[in-house]
Amino acid sequence: MTGAGTESDPYVLSTARHMVRMRELATYGGETWFRMAKDIDMSGVTDYVPVNNVVEENATAGQTYERKIHFDGGNFTISNFTCDDTDRPYPSLFGVLYGSVKDLKVVNATITSTGQVAGILGGYVGTTDRPATVTNVDVQGTVTSSAGRSGGFAGNVVG
C-alpha cells in the first residue's frame, strides 16, 4: 500500500486486504487519511474489523473511538462487504465513524448483528463529541439486527 496516511499523502486503498488493514493504520488519538484508487470487491473477507469498534485497553474514561479518519472513496465502489458482531461491536464499515467519508458507493453489503447497533456505513455516524460528515455516499445491502437502533445507512446518526 502506498501513502503515508496524511492529508497530502493519504493511504491508497486498492485491494480488500488494504481495507482490512485500515484499523491498524488509523492512528489512535490522531487523524488518518485514506483514498480508494479503484473498485474493491470484498468477497471472501471474513475477518473485517471496523476502524472504531471497541474501547482501547489503555484508554481512560472519555477516550473512546479515538481513530479520526477521512475516507475519500474517489467515486469508486466497495462491493460484497460483509461484517457481523462476532467480536466486532458496531458491525459496519467504520464502526463508530469519527471524521469524514465522501464520494463512495457500497453495494451488496451484508451486516448481521445479534444485539449491537449496526448499519452499512457505521453503527454510529458521529457521536456527541466525535463528529462525522458524510458527502455523496450511497449504500445498498441488507442489515439484519435485533438491536433497537440499526439501519441501512447507520444505526444512529448524531450531528
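Predicted model: local features only at pLDDT ≥ 70, side-chain atom pairs only at ≥ 80, totals over all residues.
How many helices and strands are in the protein chain? I counted two helices and 10 strands, taking helices (H or I, at least four residues) and strands (E, at least two) as DSSP runs numbered from the N terminus. Along the sequence I read the pattern β-α-α-β-β-β-β-β-β-β-β-β.

Residues are numbered from 1 along each chain as its sequence is written, and side-chain values use heavy atoms, with hydrogens and water left out.

**Overall shape**

The C-alpha trace spans about 40 × 35 × 30 Å along its principal axes. Of the 159 residues, 50% count as buried (under 20% relative accessible area, with exposed over 50% and partly exposed in between; 1.4 Å probe, protein chains only).

**The cores**

Next I checked the nonpolar cores, which are sets of buried Ala, Val, Leu, Ile, Met, Phe, Trp, Tyr and Cys residues joined through side-chain atoms within 4.5 Å. The largest has 35 residues, and Met19, Tyr48, Phe71, Ile78, Leu93 and Phe94 have the most contacts inside it. Strand β7 gives the most to this core, with five residues. A second, separate core of five residues includes Tyr65, Tyr90, Val96 and Tyr124.

I then followed Met19: leaving out residues up to four places away in sequence, Met19 touches Leu13, Ile40, Met42, Tyr48, Phe71, Ile78 and Leu93 (contact means heavy atoms within 4.5 Å).

His18 sits in helix α1, residues 16-20. I found His18 buried, with a relative accessible area of 13%.

**Aromatic rings**

I found five aromatic pairs. Rings of Phe, Tyr and Trp (its six-membered ring) pair if their centres lie within 6.5 Å; planes under 30 degrees apart count as stacked, over 60 as edge-to-face and the rest as tilted. Phe71 and Phe94 form an edge-to-face pair, 5.4 Å centre to centre with 70° between the planes. This pair links distant parts of the chain, 23 residues apart: Phe71 is in strand β4, and Phe94 is in the loop between β5 and β6. Both Phe71 and Phe94 are buried. Tyr65, Tyr90 and Tyr124 form one aromatic cluster.
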